[in-house]
Amino acid sequence: MISFLQCNPITRAIIISLLIAAFTGLLFLLIIRWTSKRRPCSCLIPALLMLTVGIIWGTLMDAQNNFDLSFIGEWLGNLPWLVYVLVFLVSVIYCGFGSWRERIIAKREITLDSIREALDNLPRGLCFSDEKGIPLLINRKMYQLAEEATGKLCRNAEEMWREILELEGQKCIEPLYKGNISAFRWTDGNIWQFSRTELTLQNQRYIQTTATDITRLYTLTEELEKNNAALDKQYKRLKNLLNEIVQITQEEAILASKVKIHKELGECLLAARRYLILKQPEKGIFELFQQWQEVIRFMESTLKEEKKTSDYAMRELIEAAEALGCTIIFEGSTQEDAGHYPILKNAIREAMTNAIRHAGANELTVHMDIEDNTLYAVMKDNGNRLITSISEGSGLSTLRSRIEQAGGNMEIRCGGGVELHIKLPVKEVS
Amino acid sequence: MTRVLIVDDQRTAREVMEIAVKQSKKYSIVKTIMDAGNAYLYCMNGRVDLILMDVYTLDGENGIEAAAKIKRDFPHIKIIIVTSMPEESFIRKAQEAGCESFWYKDVGEEDLLTVMDRTMAGESVYPDEVPVIKIGLAKSTEFTKRELDVLRELVNGRSQKDTADILGIKYDSVRTHLKSILVKTGYDTPSRFIAEVSHKNYMIPGFYKSSPEDEDTEEE
C-alpha cells in the first residue's frame with residue numbers, strides 16, 4: 001500500500017481535511033463535557049485524542065510541504081494513508097458515542113429548566129418569592145390566574161396577593177365564603193383557593209403562594225350542606241309526628257280508662273241496687289264497700305289535673321337521687337327552668353350516677369345560666385376520691401352525641417373532682 | 001316479697017298496674033315512676049327485684065334501651081316490658097335487650113299478675129305474635145319480612161330511592177314491594193297508607209330502624 005507522501009496531492013488534501021474534521025469533533029465533545037462540569041476526568045480522553053489528532057495533522061502538513069522533516073514527520077508520512085482514514089473513523093465514532101451519552105445523561109438530570117417545566121405542568125398555581133415579594137419562580141398557571149384576576153402580568157407577589165384578596169369589586173372573579181373556605185369563582189366557573197406559607201431555606205425566608213382548584217370540593221360542600229338542611233327538616237318533621245302519635249295514644253288510653261270507669265261504676269250501682277232495694281245480695285257488704293272505694297279512687301285520680309310533665313321529670317329525678325342518698329342542688333339564674341331541658345336532665349342523671357359510683361359523692365351541684373340564647377350548665381360533685389382522668393363509657397359518649405346533635409358541646413374537666421360542663425342552644429331544646 | 005318498680009308515663013296505665021300489684025300479697029311496690037332513665041337509679045339501690053317497664057316513657061326515653069342498660073349492670077333484676085303500642089319491632093328489641101317477659105296492656109290474654117308470677121318463677125313469657133291489626137283491607141300479618149323493611153324506611157321518612165339504597169336492593173324491587181302492599185291494603189297512594197300505619201302505632205317513625213346491621217349509625 002502506498003504511503004501518505006506517495007499519494008497524489010488531492011488525496012493528501014482530503015486526508016488532511018478529514019483530520020481537521022476529527023479534531024473539530026473532539027474539540028466540540030471536550031467543550032460539552034467541560035461545560036457540564038460533571039466529571040473533570042471525563043474530559044481527559046477527548047483532550048488526549050484531540051492533542052494526538054492535532055499533532056498528526058500539524059506534522060503531516062509539515063511533511064507534505066517538504067519543510068524541515070523531522071524523524072517523526074518522515075515516519076508519519078511513510079505510514080499507509082489508510083491509517084489516517086482509520087484515525088478519522090475512530091475519532092468520529094468516539095465523538096458520536098460521547099455526545100449521545102451526554103444527551104442521555106442531560107435528560108436524566110434535574111436542571112433549572114426541568115424544574116420550571118415540571119412546575120408549568122402542575123395543575124395548580126405556584127409562586128415562590130422573597131420577603132419583598134420579588135418573584136423567584138412562577139409557574140404558567142399562576143401567571144395565567146394572576147393575569148385573569150388583576151388584568152396585568154405578575155411583577156410582585158405581594159402586590160398580586162393583595163390585589164386578589166381585595167378584589168371584591170372585580171368583574172372577572174367573585175369571592176366566595178363558605179364555612180372556613182375563602183375562595184374565588186373565576187369566569188369559567190372554576191373555584192380557586194389561594195394560600196400562602198413561609199419557607200426558610202439556609203436562613204433565608206421565602207414565601208410560597210399557592211392557588212388550588214377546589215371546584216369539586218366546593219360543590220361537594222355545597223351539596224353536603226343542602227343534604228344536611230334537608231335531613232334536619234326531615235328530622236324535625238319526624239319529631240313532630242312522633243309527639244303527635246304519643247299524644248294520640250295517650251288520648252286513646254284515657255278514653256279506654258273512661259270506658260272502664262263507666263263500666264265499673266255501672267256495675268257498682270247495679271250491685272248496690274241489688275243489695276239495697278232488691279235485697280238480692282251478690283256480694284257481702286264489705287266486698288261491695290271495697291268495690292266502691294276502688295272505683296272512687298280510680299275516678300279521683302283520673303279527674304285530677306296532671307302536673308306539667310316538664311316539672312315532673314326533674315322532680316322525679318331529684319327524688320330518685322334522694323333515694324340513693326344524693327342531693328341535687330340547683331344554682332344560678334335560671335335554676336327553676338331546669339325541667340325544660342330533657343338533655344340537661346340526662347346529663348344530670350349521668351353525672352350523678354358516675355359521682356355516686358366512682359367518687360362516693362352525696363351531693364351534686366348544678367349551676368345553670370342562660371346567656372345569648374345559650375344554656376351554660378356546670379355539674380360538680382362533692383366526692384372525696386381523687387379522680388385525675390376519666391374514660392368515656394357508653395353513658396357519657398351517648399350523652400355527648402345527643403348534646404352535639406342538639407348543637408351544643410360537652411366538656412369533662414378532671415382536677416381533684418370531676419366537672420361536667422355543658423353548653424346548649426336554648427331554642428333547640430325548649 | 002318481690003319488690004316491684006313500675007315505669008309508665010300514662011297515669012291510667014300506671015294505676016291499673018298499681019292496683020293489680022297491690023291485690024297480690026306476693027308483691028310490694030318500691031316506687032312508680034314516669035321516666036325510664038330513672039329506673040337505673042332505683043336499681044343502684046339494690047331494692048328492686050322486678051320492673052314493669054313501658055316502652056315509650058316521659059320525654060321520649062326509650063324503656064327498652066333503659067332495660068338493656070339495667071340488664072347489663074344488674075342481670076339479676078327481672079324485667080317485664082309492657083306496652084299498648086302494637087309496633088312490630090318491640091318484641092324483637094325486648095328479646096335482644098334480655099328482658100324476661102313482654103305484656104300487651106290492652107290485649108294481653110293473660111293478666112298481668114300471671115305474667116309476673118311466671119316471670120318470677122323463672123319463665124320467659126312473650127306473646128306469640130304482635131297483636132294483629134287491620135290496615136286498610138289487610139291484616140298486619142299478611143305483610144312479608146321484606147315488605148315490612150321497606151315500609152319501616154318509608155315510615156321513617158325516607159324516599160323510595162333512599163329506601164332502595166339503605167336496604168341494598170333495587171329501586172324497582174322497592175316499587176314492587178310497595179305495589180304489593182297497596183294491592184293488599186286497597187289504598188291508592190303510599191302516603192295515605194303510611195299515615196295509617198303510623199297512626200295505628202304499628203310502626204313509630206324514628207323510634208327504631210329497620211335492620212339491626214346499621215345499629216352503629218345513630219339516627220336520633
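## Nonpolar cores

A nonpolar core here is a set of buried Ala, Val, Leu, Ile, Met, Phe, Trp, Tyr and Cys residues joined through C-beta atoms within 7 Å. Buried means 20 or more other C-beta atoms within 10 Å of a residue's own, exposed means 12 or fewer, and partly exposed is in between, with C-beta atoms placed from the backbone. This is a predicted model, where local features need pLDDT of at least 70, side-chain atom pairs count only at pLDDT 80 or more, and totals for chains, interfaces and linings use all residues. Residues are numbered from 1 along each chain as its sequence is written, and chains are lettered from A and ligands numbered from 1 in the order in which they are written.

The largest core has 89 residues, and Ala39(B), Ile51(B), Met53(B), Ile80(B) and Ile81(B) touch the most other members. Its largest share, eight residues, comes from helix 11 (residues 342-359) of chain A. A second, separate core of 20 residues includes Ala22(A), Ile56(A), Tyr84(A) and Phe88(A).

## Strands in chain B

Helices (H or I, at least four residues) and strands (E, at least two) are DSSP runs, numbered from the N terminus, and two strands pair if DSSP finds at least two bridges between them. Strand 4 (residues 78-83) of chain B runs parallel to strand 5 (residues 101-104) of chain B, with four bridges joining them. Val82(B) has Trp103(B) as its bridge partner in strand 5.

## A hairpin in chain A

Over in chain A, strand 1 (residues 125-130) and strand 2 (residues 135-138) are antiparallel and share three bridges. Cys127(A) sits opposite Ile138(A) of strand 2. Four residues lie between the strands of this hairpin, where Gly133(A) takes a positive phi near 95°.
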